[in-house]
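Reader: Could you take me through this one, and back each label with the cut-off behind it?

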Amino acid sequence: MTENEDKTPKLATRRNRFFAFAIDLLIISFVIRMSALALGDFYARLGGWGRVLGTLIALFYFGLGDSALFGGQTLGKLAMGMRVADKHCKSISVQKSFFRSFWLFLRFALDDPSFSSTKYILILFLEGLVFYSISFLEFYFFIVNRDTRQSLHDLIAGTFVVEAESKGEIAFVNKKNAIRFSFVLVGFVFFGALCITLAAQKFGFGQSHKVQMQIQEALPVYNTSIRHRKTKQKGSDGTEVFKKIVIRTRLKDSESDTKAIGLEIAKIISEAGLAEEGEACSLMFYKGYDLGIAESYDTESYYAGNIEQLEAMFSIQALLGEDEEKSE
């Protein structure tokens, strides 16, 4: 092997990068789950902001691990024999490592945070646009950049993932056409998302979101979602369309009275006229935490033929509960 060949850096393979990332996520998830034994209630009270905390934990882990402090190696990268470096194969500073990791994990923070519960549809649109654009470009550049194997966060920070013992200088290939084309694709995402958002607002999204906000403001719950679903079922007389309204909500307190909350939710939806005639109703409560990288939920589900039956069911259960308390 010649001296020049010996100084030619070897880039980490996509497969090894994938496994290293999976190992790191498993480690973070394990630590969070262990800490949840003592901090589970605190995590649950964060609601949608739990994903932001999970993102900050991942940012701290990768920001330090990928920096010169640890030789550019998180535990996953150490196991797979690779490290993060600049084009001179030198380890990067802590500041640059945090900047690199920020772009990698920003989309995790945007995936269902508490500020999704906003009455302003423009904010929802912009949040979704940033989330899907970053996610798309990460995948796009990871596939397109075969020579440097840089994804979006690597391109922004000017970093590479190389084999641990690599030395020398990386011949950076700036694919301007690929970068220009990525902006065109994001433009399509923008106009597509805008059209979908406006259509959703016109055909019922606004009313559903208004009811969701009413539920979240009146009751001790997080991130309530209301969706109408249609499924086709084949009967003896032909195909029938089965309609169902699906309500999912997270409780702020795991000790909350789900029957009392369920009754109020059914009343709000019924009074708003959100449920269609002949539409079955499914209500699911989630108790637990979601930090994005790790989550743990207990669920409690209720089902009825329509919203009126669901309301009646909770009313009967509430009356039975009052009778039990009096008898005690």
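Author: Let's start with a term: a salt bridge is a side-chain nitrogen of Lys or Arg within 4 Å of a carboxyl oxygen of Asp or Glu. Some ground rules too: this is a predicted model, where local features need pLDDT of at least 70 and side-chain atom pairs count only at pLDDT 80 or more, while totals for chains, interfaces and linings use all residues. Residues are numbered from 1 along each chain as its sequence is written, and side-chain values use heavy atoms, with hydrogens and water left out.

Reader: What makes Glu-264 and Lys-267 a salt bridge?

Author: Their side chains meet at 4.0 Å, N to O. The limit is within 4 Å, so the pair counts.

Reader: Why are Glu-264 and Lys-267 said to be separated by about one helical turn?

Author: Because they are three residues apart in helix α9, residues 258-272. Helices here are DSSP runs of H or I with at least four residues, strands are E runs of at least two, and both are numbered from the N terminus.

Reader: Which label does Glu-264 get, buried or exposed or something in between?

Author: Buried means under 20% relative accessible area, exposed means over 50%, and partly exposed is in between (1.4 Å probe, protein chains only). Glu-264 has 32%, so it is partly exposed. Lys-267, at 30%, is partly exposed too. Elsewhere, salt bridges that share partners tie Arg-17, Asp-66, Lys-77, Arg-100 and Asp-154 into one network.

Reader: How many salt bridges does the structure hold?

Author: Seven. One of them joins Arg-17 to Asp-154, with the closest N and O atoms 2.9 Å apart. That pair links distant parts of the chain: Arg-17 is in helix α2 and Asp-154 is in helix α7 (residues 152-157), 137 residues apart. Both partners are buried.

Reader: What makes Arg-51 and Asp-290 a salt bridge?

Author: Their closest N and O atoms are 3.2 Å apart. This pair also connects distant parts of the chain, with Arg-51 in helix α3 (residues 50-65) and Asp-290 in strand β5 (residues 280-290), 239 residues apart.

Reader: Why does Arg-51 count as buried?

Author: Its relative accessibility is 13%, and the label needs under 20%, so Arg-51 is in. Asp-290 is buried as well, at 6%.

Reader: Which backbone oxygen does the side chain of Arg-83 reach?

Author: That of Cys-89, at 3.0 Å. The backbone oxygen of Ala-164 is also there, 2.9 Å from a polar atom of the Arg-83 side chain. A polar contact is a pair of N or O atoms within 3.5 Å; within protein, one must be able to donate a hydrogen and the other to accept it, and residues adjacent in sequence count only if both atoms are side-chain atoms.

Reader: What is phi of Cys-89?

Author: Near 65°, a positive value in a residue other than glycine. Cys-89 lies in the loop between β1 and α5 (94-110), and its relative accessible area of 7% makes it buried. Arg-149 also has a positive phi, near 55°. Arg-149 is in the loop between α6 (121-144) and α7, and at 24% it counts as partly exposed.

Reader: What makes the nonpolar surface patch?

Author: Phe-30, Val-31, Met-34 and Leu-37, with about 450 Å². Patch residues have over 30% relative accessible area and no salt bridge; like charges are joined within 9 Å, and nonpolar side chains (Val, Leu, Ile, Met, Phe, Trp, Tyr) within 5 Å. Areas come from the Shrake-Rupley method with a 1.4 Å probe, and for residues only the protein chains shown count as cover. Met-34, in helix α2 (residues 14-45), is partly exposed at 44%.

Reader: What does Ile-23 touch?

Author: Leaving out residues up to four places away in sequence, Ile-23 touches Gly-76, Ala-79 and Met-80, where contact means heavy atoms within 4.5 Å. Ile-23 also lies in helix α2 and is partly exposed at 29%.
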